[in-house]
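Take a moment with the model shown next.

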Amino acid sequence: MDADPLAADVNAGTPIGVAIVDDHPVVIDGVRAWLAREPRLRVLATGDDPDEVLRAAPDAEVVLLDLRLHGRMVLDKLAELSAAGRRVVVYSEHSDPTTMLAALDAGAVAFLAKHEGREHCVATVLAAASDRPYVPPALAGAMVGDARPDRPSLSDKEREALLLWFQSMSKASVARRMQISEHTVKQYVDRARIKYTRAGRPAATKAALLARAIEDGLVRPEDIGIYRSQASADRPTP
Amino acid sequence: MASESGTAVSAGPALRPLPRPRAATRSGAATAPPEAHAVADASDGGARIAVIVIAAAWHLAVALPAVLRAGPGMAFPAVVAAGWLVTALVGVGAGVRLLRGGLPAAGPLAAVLLVVDAAVVAGAGERFLFSTANWVWGGLAWFFLLVLWQRPVRWLLVMLAAHGTTALAAVVLYGATAPADLSRAAMYVYGTSTLPVAVFVGAAALTAQARGRAATAAATLAVAAEREAAERARTERQARLALVSGTAEEVLAELAAGDADPADPAVRRRAVLAAARLRRLIAESDDVPDALLHELRAAADLAERNGLPIDLVSVGTPPELPVEIRRGLADPLTAALAAAEGWARLTVVAAPDEVVVSLVTPEHDGPDEPATGGDGPVEHLHERDGEIRWTQTRWRRT
C-alpha cells in the first residue's frame, strides 16, 4: 500500500530474511502466511525465544518481535537487540500509546498493532529492511497524542498529517484533505518519525534510520538538532 | 440470541454519565478542596460572632455605666468619654468587616487603640486607676482581638505587652508603688490578658482543625467516588466482555464444528463484528471513564448492534469539558454514525488544550450529512472524497 518502492529496489536480488518471535504458534503461522505471499521476503526462523531464533538465523535482516512473551513485556530485550543493530519491528496487541512510544524509545524500527493487517505488516518489514521509517496508523496516533514533556517537537504540517493518517488510514484521503500530494503526506509522516530517533537512549537502529533519512534527503541534520561543524570536510561550503 | 439481552443490560448504565472525581483531591489536605474551606469558614464565623458579642457587651454593659458613674470626678472626663467613643467606632468598623468575612486593617486600628489606651489611663486619673471607670484595663483587650483577627498571635502578644506597659507606667507615675498596688496591677494585667489570648488561640486552632477534618473527609469521599466509578466501569466492562466472548465463542464453535462456512459472507461478518468488539474492549484502558469517551462508546455500541463493525481508538485523556462542548464534539459523530454503512473508524485524540474526534466510513449513496460548520469553540467538518466519508469535530482551548 504505502511501501516505499525504494525498499524493493535495494534488495531486488535476494529476498529479505525475516525472523519471527512470538509465543503463539497460531500467530507465527498467520504472519508467515502473510509474508509468504510477498516474494521479496523470506521467513528464516521462528520461535518464542529471541536468542534461539537469532542463533538459528543470524543473518535475519528484520526481526518481528511480539512485545509480550510468556506474560512478560520484553522491552529490555528489544533495547538490547536494537543496541546491537538488529532491526526489530515490534508487533503487539498492546497498542496503547505509552507502550508504542516506549518501544520506539527502546530502538524499535517500527511498531505494528496486531490488528493492522497484512498490508501494513509487509510494508513495515520492507521499509525496515532498508532502514526506512514506516508509520502505521496506530503509531501515528500515539505520536500525535504524545504529551510527554520531552517529546520531539513536530511542525504543524507533520502533526496534521499524522492526525489525519491516524483518523482515515488512507494517504490518498489525507492528501486530498491537505491539498498536497500523497508523496508529501508520506514525507511529513516519515519526517515526524525520524524526529523520534532523537528520543530515548541511542541505539544503532536509530542511527541507521537517521542516516538513511539524511541520505534520502528526508531531513536535514539541522532540522533535528544535530550539530555539524562548519569545518566538517564533507560539507560543501556555500 | 444471547447478545440481545446482554447488550440491553450494558446499554442502561452506558448512557448515564459517570462522576469524575477531581485529581487534585488526591494530594490531600495540603491543597484543601473548597468543601474544607467552607467548613473552616463556618467554624471561624462562629468565633468571630462570639468575640464581637463579648467586646460589645463589655463596652456597653460594663465600661459605659462605670464612666457615667464616675463622671466629672475623673481628671479629664472628656478624654475618657472620647476614648470610649473612638473605641466604639473602631469596634463597629472592625465588627462589620469581620461579619462580612473580611479582615479589618490591623495596623492603623491597633495604633488607634494603643493611643486610646494611654489617653484613657491618663484621663481617668489616679483616683480611678483601679476602678472600672478606667475601662481600658479590663475591656480594651477584646478590641485587640477584633482588629487582629486571624493575624499571627505574636501581634496580639505585642499589643498586650504595650497595654501592660501603659498600665505599669501609670501605676509608677501615680506613685502607687506599694507592694499591694503593684501586685494588684499585676493581677489586673494578667487577668485581663489571659482570656483574650485563650479565645484568640482557641479560635484559630479550632478553625485549623475544622479545615483539616473537612479536607480529610472530602479526600475520603473523592477516593470513594473514584473507586465506585472504577468499580462501575469494571462491572460494565465485564458484562460486555461476557457478551462479546459469548458471540465470539459461538462463531468459533460453529466454525470448529463445521456448521459455519468461513466462505459465507454472513459468517465472516459475524466474525468481524466480534473481533471489532473485542478490540474496543481491549482498548479501554481508562479506570474512570471520561464522559466524552463514554458517550462515544455508547454510540458505538448502539451502531454495532445494528450490525456495523466499528473501531474506536482513543489517544490521550480529554480534559474536563463543559456539556455543550462535549455535545458539539460528539453529536455530529453520532449522527454520522447512524447513517454509516460497511464499517466505521472512530478516533479521539485528546490533549489538555485540544480534542479532535473523527469518524471515517466508506462512501455510500445515502443522504449527505448536514453541512460543514461550527458553532462556538467546536469546529465541525464533513467531507466526502469519493472513497470515504469523513466527519471531524475539533475543539481548541481559546
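Which residue does UniProt list for "modified residue: 4-aspartylphosphate"? The unreviewed entry gives A:Asp66. UniProt positions follow the numbering used here, feature names are shortened, and annotations may be inferred rather than shown by experiment.

This is a predicted model: local features need pLDDT of at least 70, side-chain atom pairs count only at pLDDT 80 or more, and totals for chains, interfaces and linings use all residues. Residues are numbered from 1 along each chain as its sequence is written, while chains are lettered from A and ligands numbered from 1 in the order in which they are written.

A:Asp66 lies in strand β3 (residues 62–66) of chain A. Strands (E, at least two residues) and helices (H or I, at least four) are DSSP runs, numbered from the N terminus. A:Asp66 is buried, because 22 other C-beta atoms lie within 10 Å. Buried means 20 or more such atoms, exposed 12 or fewer, and partly exposed in between, with C-beta atoms placed from the backbone. Leaving aside neighbours within four places in sequence, A:Asp66 is in contact with A:Val21, A:Asp22, A:Asp23, A:Tyr91 and A:Ser92. Contact means C-beta atoms, placed from the backbone, within 7 Å.

Next, a helix pair. Helix α5 (residues 97–106) of chain A packs against α7(A) at about 95 degrees, with axes 9 Å apart. The two are therefore roughly perpendicular, a term for angles of 65 to 115 degrees. Axes are lines fitted to C-alpha atoms, for helices over the stretch in contact, and angles run from 0 to 180 degrees between N-to-C directions. A:Pro97, A:Met100 and A:Leu101 of α5(A) meet A:Ala138, A:Leu139, A:Gly141 and A:Ala142 of α7(A).

The buried residues of α10(A) pack against α7 (137–144), α8 (156–168), α9 (171–178) and α11 (204–215) of chain A. Of the 14 residues of α10(A), 10 are buried. Among them are A:Val185, A:Tyr188 and A:Ile194.

Now the two chains. Their contact takes 18 residues from chain B and 19 residues from chain A. On the side of chain B, α8 (265–283), β1 (310–315), β2 (344–351), β3 (354–362) and β6 (388–396) each give two or more residues. The largest share, four residues, comes from β2(B).

Chain B also carries transmembrane annotation. An unreviewed UniProt entry places "transmembrane region" at spans including residues 103–122 and 188–208 of chain B. Residues 103–122 of chain B are 85% helix. Residues 188–208 of chain B are 100% helix.

Definitions and conventions. Contact = placed C-beta atoms within 7 Å. Parallel < 35°, antiparallel > 145°, perpendicular 65-115°, else oblique.
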